[in-house]
Amino acid sequence: MQISQKLFLAFVGLTSVVLIATLSLARWSFDQGFLDYINGLEQERLLHLSDELLTLYAANSVAQTDPSIMTEQQSTRVWQSINQKALAQVISLHAPFPKRNRPGDGARPPRPAGDNRPPMGPDRRLGPPRQRPPFSPPSGPPTGLYSAEQQFISGVDIGHMDNRISLPLLSNDRIVGYLYSRPIREVESDSATAFSQQQRWTSVGIGLLCLLLASAIAWWLSRFLLIPVKQVMLGVSYLSQGNYDERLSPQRADELGQLMANIDHLAMTLSKNRSAKNRWLADISHELRTPLSILCGEIDAIKAGIRTFDNTQLSSLEQEVLRMKHLVDDLYELSLSDVGGLRYHFQRVNVSESLQSTLNSMATSLQDKGLTLQSQIQPEVYLSADVLRLEQLFINLFMNSMAYTDSPGVINVRLSQQARKVILTINDTKPSASVEECEHLFEPLYRQDSARTRRGSGAGLGLTICKNIVEAHDGIINAIPSPLGGLCIEVQLPMRRERV
């Protein structure tokens, strides 16, 4: 199943669950609210009924005794003295849901109390007159009248229900009776039932319409959300085919946009690595071809008898062989450093002593080239380092400065300790390098001069090896134009390594 189909089903399923839950809760809330509304109407009905009952009560209580001093027993006798048929008629006339007469029974609604009009003749539309059934009060919520002593007087005996609807009857600020009614738990009226069913079908129709709308939106969203995913898939297919020049150019700020940006960065990195690999092979081929060409030329000259094979010729051949050996050794060390094959034995080292020993060993080479050494070495500077790799770092840095400093020139060496760091700075005189060139000096086989003029026996790997040694000691190395007119290389080594 495709992701778009899974997203569509997930959206529709989630919408269906939420919609069913919402409509069910809305329906339950409607039913409860509708019943509360009907029970509220029942409370109002009891209020209107109490007015008429209190009128009857007041008319009979004045004839018996003073209402202000009437006891509960006397109040009960007042209710009992009222015509019970009149009480039942008043209670029945206030029923909220009157029962409709069935067609053909000829019954008429009862006359209100006090109606003295002569009785009407037989209703000719209903056929011959028939004997009327006895009076039956309209149907509705059972209502009972009780005295102040909770004695049943008239209506329907409700009993002692906990949730019955009650209304006290007050006369002269005294409770003279109670009206009780049963709460309505379900709707029995035809119109109310029809209204409830209409609302139910309306809710079902609204739910189906919302589900249809949600399905259409889910279908569109599943297509819309997969657009960047398809772009990511396209970018990955470009990478798998080796096409590193295509870019996704994301315009999004979410996680998918970040993923697209990472894929673009990966494509750029792979493109740079491929270019570096091709340049690396070309540079190595160039570096090896030059001494090999010289060796082949000199050997051919000896074989042809143009040159005699003597010590001078042997020294020339040896020089080219050593040049090749130095290049191969540097390549071997660099490859070991890149794969983590160089072994380091860290111990507490006196950097000042090691640096001074290296400078003393190179004093003769500096004098032969006409360079002046200036050193400012802080004594007794210690750090955790590998002694052999540290000396190799110093030798490579000085060899690089000697190879790229014109005679007469100056090489300034400074060693100091600052804020738990050991800082080594090497400044030399011209020629210099631009800021852009300084960023590439630590790349393998990189040379400043575009013509690749050979200034020494190196192959452009010394600074790369220095960078690997410094990083193995958790340090930092960088190059900038020197204030002396040449190049400034700064090395920062922590006194204690954080890595084990």
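In this predicted model, residues 24 or more positions apart account for 70% of the contacts in the chain with a separation of 6 or more. The chain holds 500 residues, of which 33% are buried, and its secondary structure comes to 11 helices and 11 strands. Its accessible surface is about 31,000 Å², with 57% of that belonging to carbon and sulfur atoms.

The largest nonpolar core has 39 residues, and the members that touch the most others are Leu393, Leu397, Leu424 and Val491.

Leaving aside residues up to four places away in sequence, Leu397 touches Leu424, Ile426, Leu463, Cys466, Ile477, Ile489 and Val491.

Helix 7 can be followed residue by residue. Which residues of helix 7 are buried? They are Val351, Ser352, Ser354, Leu355, Thr358 and Leu359, and because they cover an arc of only 165° around the axis, they lie on the same side of helix 7. On the other side of helix 7, Glu353, Asn360 and Ser361 are exposed. In an α-helix there are 3.6 residues a turn, so residues three or four places apart point the same way. At the start of helix 7, a side-chain oxygen of Asn350 comes to within 3.2 Å of the backbone nitrogen of Ser352.

Technical notes
Residues are numbered from 1 along each chain as its sequence is written. This is a predicted model: local features need pLDDT of at least 70, side-chain atom pairs count only at pLDDT 80 or more; totals for chains, interfaces and linings use all residues. Side-chain values use heavy atoms; hydrogens and water are left out. Helices (H or I, at least four residues) and strands (E, at least two) are DSSP runs, numbered from the N terminus. Buried means under 20% relative accessible area, exposed over 50%, partly exposed in between (1.4 Å probe, protein chains only). Contact means heavy atoms within 4.5 Å. Accessible areas come from the Shrake-Rupley method with a 1.4 Å probe; for residues, only the protein chains shown count as cover. A nonpolar core is a set of buried Ala, Val, Leu, Ile, Met, Phe, Trp, Tyr and Cys residues joined through side-chain atoms within 4.5 Å. The arc is that of the directions from the helix axis to the C-beta atoms. A polar contact is a pair of N or O atoms within 3.5 Å; within protein, one must be able to donate a hydrogen and the other to accept it, and residues adjacent in sequence count only if both atoms are side-chain atoms.
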